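Welcome, and please open your viewer. We will go from stop to stop, selecting side chains and looking at what is there.

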Amino acid sequence: MKDEEKNTCSEQCVEENQEHCQCDCQCEADCMANEEQSINISEIESELDKALASASENRDLYLRAVADLDTYRRKVQREKQELSKFALQPLIEELLPSIDHLDMAIQACTTPECANIKIGVEMVSTQIKKVLSNFGVEEVVVLGKAFDPNTSECVSHEPSNDVAENDVIKVVRAGYMFNGRLIRPASVVVSSGKE
């Protein structure tokens with residue numbers, strides 16, 4: 001159809017004034033260009049909508065990735081702090097039986113002949129406990145207090161007229177905490193009340 005219009009236009013140009021015909025042809029060309037532009041604009045708008053939707057989706061994915069990375073970073077940092085805080089725990093757990101043996105040696109020295117040995121063992125025991133306390137190790141104090149299963153384990157019950165029922169009468173083995181974490185519960189004898 002466009003070829004027919006061009007042919008008619010060129011025939012008219014021959015018959016009529018050539019300038020006038022070129023003007024009409026130019027108008028037709030402009031109209032056709034405008035139609036093509038309106039088609040191109042609608043295509044461009046649809047492509048723009050697709051691009052905006054894709055950009056919005058990518059932004060959402062980016063924000064999620066940043067949040068996930070931040071969460072992971074905080075988790076790793078927390079684990080790193082915890083690891084450094086409790087790195088000495090295995091060593092301390094291995095040392096605790098030696099401290100127990102020193103305490104048993106102190107309790108066993110009851111005669112006047114071993115008084116000097118007792119003083120030396122007490123000094124060693126005190127020094128080791130001081131070093132451990134500098135690294136965050138604390139002895140759990142339970143003697144005379146109500147039995148707490150979170151910090152102690154009951155090895156036996158004994159009747160007592162002086163100590164109230166369910167209170168700790170005797171500590172068989174000391175318990176220890178390391179930086180607020182229980183690493184060994186105290187082994188205790190609990191009062192079962194009056195005889």
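Let us start with a term for the tour: a residue is buried at under 20% relative accessible area, exposed at over 50%, and partly exposed in between (1.4 Å probe, protein chains only). The model is predicted, so local features need pLDDT of at least 70 and side-chain atom pairs count only at pLDDT 80 or more, while totals for chains, interfaces and linings use all residues. Residues are numbered from 1 along each chain as its sequence is written, and side-chain values use heavy atoms, with hydrogens and water left out.

Select Arg173 and Glu153. Their side chains meet in a salt bridge, 3.8 Å from N to O; the term stands for a side-chain nitrogen of Lys or Arg within 4 Å of a carboxyl oxygen of Asp or Glu. This pair links distant parts of the chain, with Arg173 in strand E3 (residues 168-173) and Glu153 in strand E2 (residues 152-158), 20 residues apart. Helices (H or I, at least four residues) and strands (E, at least two) are DSSP runs, numbered from the N terminus. Arg173 is partly exposed at 30% relative accessibility, and Glu153 is partly exposed at 35%. By the salt-bridge rule, the model has seven of them.

Now select Lys129 and Glu139. A salt bridge joins them, with the closest N and O atoms 3.8 Å apart. Lys129 lies in helix H4 (residues 115-134) and Glu139 in strand E1 (residues 137-140), 10 residues apart.

**Stop three: along a helix**

Next, pick Arg64 and Asp60, whose salt bridge has its closest N and O atoms 3.4 Å apart. Both are in helix H2; because they are four residues apart, about one helical turn separates them. Arg64 counts as exposed, at 53% relative accessibility, while Asp60 is partly exposed, at 36%.

**Stop four: two rings**

How many aromatic pairs are there? The count is one; rings of Phe, Tyr and Trp (its six-membered ring) pair if their centres lie within 6.5 Å, and planes under 30 degrees apart count as stacked, over 60 as edge-to-face and the rest as tilted. Select Phe86 and Phe178: their ring centres are 5.7 Å apart and their planes at 75°, so the pair is edge-to-face. Phe86 and Phe178 are both buried.
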